[in-house]
Amino acid sequence: MDKSDDFQTAKGWYDVMIRAGVVPSVVTYNTLMDKSDDFQTAKGWYDVMIREGVVPDVFTYSTLMNKAEDYSTAKGWHKVMVSDSILPSAHTFGTLFSKDLSQVDAEELITWFLSQPHHPPSSIDAMIKSFKRANQHDKVARVVLHYPYLQAARKVFREHPQLCIAYFESLLAVDPTHPNASYALGIALLESGRNQDALPHLQVALVQAEKREAGGKRGKHIRRLISNIRR
């Protein structure tokens with residue numbers, strides 16, 4: 001079924017399977033959902049598997065989110081998934097964030113994501129790409145504020161240095177102790193080739209990191225950046 005070129009061929013093998021008395025598993029239904037041409041067809045197979053007593057897994061819900069026509073519908077399936085005590089994966093969040101996010105508030109989205117028990121940073125790439133597709137670079141800046149160390153974020157700093165630097169500076173003007181702005185500004189300045197301008201901001205970020213988590217991964221990263229500047 002997985003090797004079938006289209007849904008109808010896969011469905012044909014499902015029919016053969018049933019006639020042979022082979023009981024479909026969650027993998028069977030996940031495959032049919034993945035092969036489905038639209039969300040309603042995929043949802044129909046989900047209904048069948050529930051009716052047959054087959055327990056969904058992370059791939060079931062990730063597939064339904066992928067087939068969903070919009071972000072709101074996909075997020076609804078995330079809610080169902082969590083209510084079934086299934087932990088979303090990085091792929092799950094990546095699928096969710098690959099939807100059209102043009103009507104989604106970036107701050108609310110990041111806050112929601114960070115509130116999840118498991119919020120893998122690798123999922124952020126899809127969020128950045130979605131906002132970039134919508135040409136909403138101000139929202140991109142709000143996302144990379146929280147993940148300035150990612151390669152995707154550093155690419156954003158190179159592509160839109162003035163926008164990002166101005167945004168981070170505006171945050172620091174309001175709150176000099178902002179937990180992420182000095183860190184993000186330091187890296188944005190580095191990516192703009194302004195190493196010496198970046199240094200004081202990275203030093204502030206290092207002090208913040210050491211207070212918050214005795215340095216941790218962020219502290220190690222900042223120390224490495226500072227060391228490179230001073231060479």
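Start by selecting Ser85, which sits in the loop between helix 5 (71–83) and helix 6 (90–97). Bear in mind as you look around that this is a predicted model. Check the backbone here: phi of Ser85 is near 60°, a positive value in a residue that isn't glycine. Is Ser85 buried or exposed? With a relative accessibility of 69%, Ser85 counts as exposed, because the cut-off for that label is over 50%.

You'll find Asn135 in the loop between helix 8 (124–133) and helix 9 (137–144). Phi is positive in Asn135 too, near 55°, and again the residue is something other than glycine. Asn135 is exposed, with 60% relative accessible area.

**Salt bridges**

How many salt bridges does the structure hold? The count is seven. A quick bit of background: side chains of opposite charge can pair when their charged atoms come close.

Select Lys132 and Glu159 together. Their side chains meet in a salt bridge, at 3.0 Å from N to O. This pair links distant parts of the chain, with Lys132 in helix 8 and Glu159 in helix 10 (residues 151–159), 27 residues apart. Lys132 is partly exposed at 24% relative accessible area, and Glu159 is partly exposed as well, at 37%.

Staying with charged side chains, pick Arg154, Arg158 and Glu191. What links these three? They are joined in a network of salt bridges.

Move on to Arg194 and Asp197. Here is another salt bridge between side chains, with an N to O distance of 3.0 Å. Both ends are partly exposed: Arg194 has a relative accessible area of 36%, and Asp197 comes in at 38%.

Then select Arg223 and Glu210. These two form a salt bridge in which the closest N and O atoms are 3.2 Å apart. Arg223 is partly exposed at 37% relative accessible area, while Glu210 is partly exposed at 39%.

**Two helices side by side**

Keep those two helices on screen for the last stop. Two packed helices are described by the angle between their axes and the distance between the axes. For helix 13 and helix 14, the axes come within 9 Å and cross at roughly 155°. Why is this pair called roughly antiparallel? The crossing angle is over 145 degrees, so helix 13 counts as roughly antiparallel to helix 14. Turn the view to follow how they pass each other: helix 13 goes by helix 14 in a left-handed crossing.

To see what makes the contact, colour the residues on each side. Those from helix 13 include Leu199, Leu202, Leu206 and Ala209. From helix 14, look for Ile222, Leu225, Ile226 and Ile229, among others. What kinds of residues make up the contact of helix 13 with helix 14? They divide into nine nonpolar, five polar and seven charged.

Key:
Residues numbered from 1 in each chain as written. Predicted model: local features only at pLDDT ≥ 70, side-chain atom pairs only at ≥ 80, totals over all residues. Heavy atoms only, no water. Helix = DSSP H or I, 4+ residues; strand = E, 2+ residues; numbered from the N terminus. Buried < 20%, exposed > 50% of the residue type's maximum accessible area, 1.4 Å probe, protein only. Salt bridge = Lys/Arg side-chain N within 4 Å of Asp/Glu carboxyl O. Axes fitted to C-alpha atoms, helices over the stretch in contact; angles between N-to-C directions. Parallel < 35°, antiparallel > 145°, perpendicular 65-115°, else oblique. Left-handed = near helix turned anticlockwise from the far one by under 90°. Contact = heavy atoms within 4.5 Å. Nonpolar A, V, L, I, M, F, W, Y, C, P; charged D, E, K, R; others polar.
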